[in-house]
Amino acid sequence: MTDLVVRKIRWDFDATVPFLWQPANPNFGMFCNAFTFIAVPFERYLIKALRQAQPDFDRSPAVAAEADAFLRQEGQHAAAHRKHMAALITQYPGLERAYVDATAAFDDLIDGHPVQFHACYIANLEATFTPLFKVILDNRHSLFAGSDPRVAALMTWHFVEEIEHRSSGLILCNHLTPHRWYRARHIRHTFRHISEIAAAIGRTIDEVVPAEERVVSAEELMSAALLVNEFKFRGPGGHRRRTRLSGPPTLFGSVPSGDLTRMVWRLALSQMPYHDPADQPLPDWAGTWMSEYDNGADMTVFSAE
């Protein structure tokens with residue numbers, strides 16, 4: 001049976017939540033805002049697509065239990081981010097278009113492919129979350145310092161639970177498509193599609209939110225050059241190149257190069273046919289977060305710093 005815990009947390013977001021909720025690192029704050037607009041339609045897609053396979057999951061009690069817990073966790077994520085998204089849309093009504101367009105893109109994907117494809121898409125994307133969110137949680141002190149605690153708490157909760165269910169997508173995918181190379185064949189389609197959605201969300205944010213209120217460009221941040229730009233300012237001459245530029249720090253500017261390099265390597269490994277997320281190194285703080293939840297702490301403002 002699965003050991004996933006479905007945690008129901010009473011998140012509360014309103015118009016007092018600033019768009020620029022992380023003024024010390026606007027790029028990181030923008031990344032998380034865009035993540036919210038991706039998360040809501042993606043979680044909806046994930047649940048809608050995998051529900052099609054419920055009769056197949058039910059043939060194995062263990063797989064059925066994994067699917068139930070996984071989809072219930074993802075449903076909690078969608079509901080929480082929907083509240084954050086609604087708070088931002090209240091301030092900038094035009095942002096509704098980012099959600100509507102992303103939802104339509106995922107609905108088109110569902111209509112155009114069988115459930116086995118969707119299981120591969122979900123497994124491929126979910127496999128990247130552990131190395132990415134480990135870096136964020138391991139460097140939470142610098143990335144979240146000085147931010148709005150409500151949004152910081154939302155993000156860290158989601159990142160911890162994505163790491164907790166890191167193997168779920170692959171378990172369900174392997175149940176539906178036991179041939180590992182079938183999943184690998186859909187890697188390019190997966191990341192082209194999600195990149196197009198991220199870029200479209202970024203364009204809408206840039207069009208709707210005035211530059212002085214967002215500070216950075218969401219479209220530039222969510223481009224494929226994100227990690228290339230991070231490494232451009234590292235190594236010989238990197239510091240000089242960075243100091244010649246004005247503006248805020250890069251998204252992972254405070255993250256040590258070693259952490260970033262290991263993340264990129266593990267992201268590449270995550271797409272290998274026989275990769276198993278269960279074997280990935282995990283952030284120690286994820287266990288701390290779970291212990292605090294078990295002890296009854298108010299996780300809606302639990303400090304990531």
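Predicted model: local features only at pLDDT ≥ 70, side-chain atom pairs only at ≥ 80, totals over all residues.

User: Why is helix 4 called roughly antiparallel to helix 10?

Analyst: Helix 4 (residues 96–112) and helix 10 (residues 187–208) pack at an angle of about 165 degrees, and their axes are 9 Å apart. Angles over 145 degrees count as roughly antiparallel, so helix 4 is roughly antiparallel to helix 10. The crossing of these two helices is right-handed. The contact includes Ala102 and Phe106 of helix 4, and Ile194 and Ile201 of helix 10.

User: What makes Trp11 and Phe13 a stacked pair?

Analyst: Rings pair if their centres lie within 6.5 Å, and planes under 30 degrees apart count as stacked. For Trp11 and Phe13 the values are 6.3 Å centre to centre and 10 degrees between the planes, which makes the pair stacked. By this rule the count of aromatic pairs comes to 18.

User: How do you know whether Trp11 and Phe13 are buried or exposed?

Analyst: Buried means a relative accessible area under 20%. Trp11 has 5%, so Trp11 is buried. Phe13 has 10% and therefore counts as buried.

User: Why is the pair of Trp21 and Phe144 called tilted?

Analyst: The two ring centres are 6.3 Å apart and the planes stand at 35 degrees. Stacked needs under 30 degrees and edge-to-face over 60, and the rest count as tilted. The pair of Trp21 and Phe144 is therefore tilted. It links distant parts of the chain, 123 residues apart: Trp21 is in the segment before helix 1, and Phe144 is in helix 6. At 1% relative accessible area Trp21 is buried, and Phe144 counts as buried at 0%.

User: What places Arg7 over the face of Tyr293?

Analyst: A charge over a ring must be within 6 Å of the ring centre and within 35 degrees of the ring normal. Arg7 is at 5.4 Å from the ring centre of Tyr293 and lies over its face.

User: Which residues form one aromatic cluster?

Analyst: The cluster consists of Phe42, Tyr45, Phe106, Phe117 and Tyr121.

How values were computed:
Residues numbered from 1 in each chain as written. Heavy atoms only, no water. Phe/Tyr/Trp six-rings, centres within 6.5 Å; stacked < 30°, edge-to-face > 60°. Buried < 20%, exposed > 50% of the residue type's maximum accessible area, 1.4 Å probe, protein only. Helix = DSSP H or I, 4+ residues; strand = E, 2+ residues; numbered from the N terminus. Axes fitted to C-alpha atoms, helices over the stretch in contact; angles between N-to-C directions. Parallel < 35°, antiparallel > 145°, perpendicular 65-115°, else oblique. Left-handed = near helix turned anticlockwise from the far one by under 90°. Contact = heavy atoms within 4.5 Å.
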